[in-house]
Amino acid sequence: MQGPLRFEDQDSARGDQNIAMFYPTSTQMVYRRGLQAIPLSVDLWIHYINFLKETLDPADPETNSTIRGTYEHAVLAAGTDFRSDRLWEMYINWENEQGNLREVTSIYDRILGIPTQLYSHHFQRFKEHIQNNLPREFLTTEQFVQLRRELASVNGHSGEDAQPDDDLPSGAEDITDPAKLITEIENMRHRIIEIHQEMFNHNEHEVSKRWTFEEAIKRPYFHVKPLEKIQLKNWKEYLEFEIENGTHERVVVLFERCVISCALYEDFWIKYAKYMENHSIEGVRHVYSRACTIHLPKKPMVHMLWAAFEEQQGNIDEARRILKTFEECILGLAMIRLRRVSLERRHGNMEDAEYLLEEAVRNAKSVSESSFYAIKLARHLFKVQKNLPKARKVLSEAIEMDKENTKLYLNLLEMEYSGDLKQNEENILSCFDKAVNGALSIKMRITFSQRKVEFLEDFGSDVKKLLDAYDEHQALLKEQDSLKRRAENGSEEPDEKKMLTDDPTLASAQMMDGDMQVNQAAYNYNAWYQYNYQNAWNYGQYYHAT
């Protein structure tokens with residue numbers, strides 16, 4: 001499994017203190033891989049620390065520093081998790097066992113400022129820690145002296161214009177008078193609790209804002225079963241709240257929690273990556289890498305976004321690799337092939353783009369799929385490479401293979417109309433003839449025939465051709481009437497019903513205007529992506545969760 005950094009790299013970055021925590025044992029290697037993959041797992045950190053306590057030599061002077069380093073590593077990785085209380089309490093108890101009261105105070109200073117589930121319990125234990133120990137024992141020398149001077153100042157014993165009493169030391173020396181000593185200790189305890197009470201009040205307010213979201217999380221762990229809609233809605237709203245109100249660290253931790261329980265939902269990975277775009281390029285790359293290589297290897301949208309991100313960063317080869325690798329994993333997905341084509345086109349590799357489309361035409365698993373790619377190839381040749389003859393050849397060959405595909409005729413006509421109508425008259429008429437005399441339904445043939453008459457009326461150079469086209473159109477109308485009468489006699493299904501069932505592009509053809517400048521709806525390209533899907537562009541529904 002992969003993580004943001006190999007543990008060896010993390011050790012190098014943190015110095016020798018943490019190197020000792022990793023030993024080349026098989027058990028530790030398992031822990032390392034697990035923590036690398038899921039650094040937010042409080043349970044895993046607790047198990048790992050207990051493992052170290054059981055296996056490290058207590059007589060070794062490095063053991064305590066190793067365990068302390070591991071605790072620090074743990075709270076840095078998972079300590080801001082709302083449910084991380086057990087880890088913090090375990091850390092505090094361990095320092096208490098070692099007699100390091102100053103370290104205990106330092107830990108409380110941190111946890112009392114973090115919104116966690118047991119925030120009130122921590123504050124109560126902190127007050128017990130203060131009341132049961134002497135300030136000299138749980139404060140550093142600097143903190144003790146600073147607090148002593150602050151209290152002396154408040155009591156009027158020191159200040160800019162006043163000298164402290166000889167009986168009240170301003171440094172770390174002991175007070176000999178027992179009464180004054182007891183008074184000072186109680187005043188110090190009161191002041192320390194007072195300061196931390198303010199921290200607690202602020203933290204309590206932060207907890208209250210998150211409590212509803214946290215209570216709604218019913219499955220904080222990963223499971224292959226789908227989450228309920230209300231759970232997904234809660235995660236989404238919680239993330240939006242934290243992005244708006246929380247710190248960057250808390251947002252990242254919440255996202256990490258989210259993509260544990262929502263690991264199979266690409267929307268959350270995409271949202272995470274989009275958020276990281278404003279903070280860390282490497283962070284974005286790491287999010288996409290984890291999503292695509294571990295959790296969502298068969299989801300196209302997140303792969304396409306990863307490739308687009310790498311392309312934005314100028315990593316064209318990496319973007320190309322991502323798309324190609326995914327297409328090799330999920331064969332026949334039109335959106336990926338077209339994204340590969342557009343990538344090559346954007347970077348001036350026209351021959352590569354053309355080859356990808358030609359390959360798609362050759363390898364198509366059905367006639368309709370081949371026609372879909374043929375239209376894309378023809379439009380690329382015509383619109384991008386300005387090669388009308390080659391584009392015409394592609395569509396003509398496609399029509400020979402798929403004579404009942406209205407879109408092929410429409411696209412061919414659009415290209416022919418884009419040139420000089422006078423010079424291109426023969427090609428336009430040839431295209432009309434292919435449609436009128438082809439295997440289309442009678443109603444579609446009549447539609448194309450009518451457009452042919454209109455074209456010759458508006459732009460034709462030979463009146464004989466106009467009259468012939470008119471006669472041809474009248475013959476088609478008679479044929480349609482004959483078919484209707486036969487259908488009324490019950491000998492054949494009405495041709496209109498056949499057409500409505502078999503040819504979804506009739507409406508598109510009827511939206512052409514008089515001079516055959518095809519309306520955009522005539523191409524209805526979105527429908528072509530449906531050859532492999534029930535609903536256009538609903539990519540995720542055909543992949544099992546993995």
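Buried here means under 20% relative accessible area, exposed over 50%, and partly exposed in between (1.4 Å probe, protein chains only). The views come from a predicted model, in which local features need pLDDT of at least 70, side-chain atom pairs count only at pLDDT 80 or more, and totals for chains, interfaces and linings use all residues. Residues are numbered from 1 along each chain as its sequence is written, and side-chain values use heavy atoms, leaving out hydrogens and water.

**View A. Arg445 and Glu479 form a salt bridge at 3.6 Å, N to O.** A salt bridge is a side-chain nitrogen of Lys or Arg within 4 Å of a carboxyl oxygen of Asp or Glu. Let's start with the pair's location: Arg445 sits in helix H24 (residues 442-459) and Glu479 in helix H25 (residues 463-488), 34 residues apart. Helices are DSSP runs (H or I, at least four residues), numbered from the N terminus. Arg445 is buried at 16% relative accessibility, while Glu479 is partly exposed at 34%.

**View B. Glu354 and Lys390 meet in a salt bridge at 2.6 Å, N to O.** Glu354 belongs to helix H19 (residues 350-363) and Lys390 to helix H21 (residues 388-401), so the pair ties together parts 36 residues apart in sequence. Glu354 is buried, with a relative accessible area of 9%; Lys390 is partly exposed at 34%.

View C. Arg321 is partly exposed at 38% relative accessibility, as is Glu318 at 25%.

How values were computed
Helix = DSSP H or I, 4+ residues; strand = E, 2+ residues; numbered from the N terminus.
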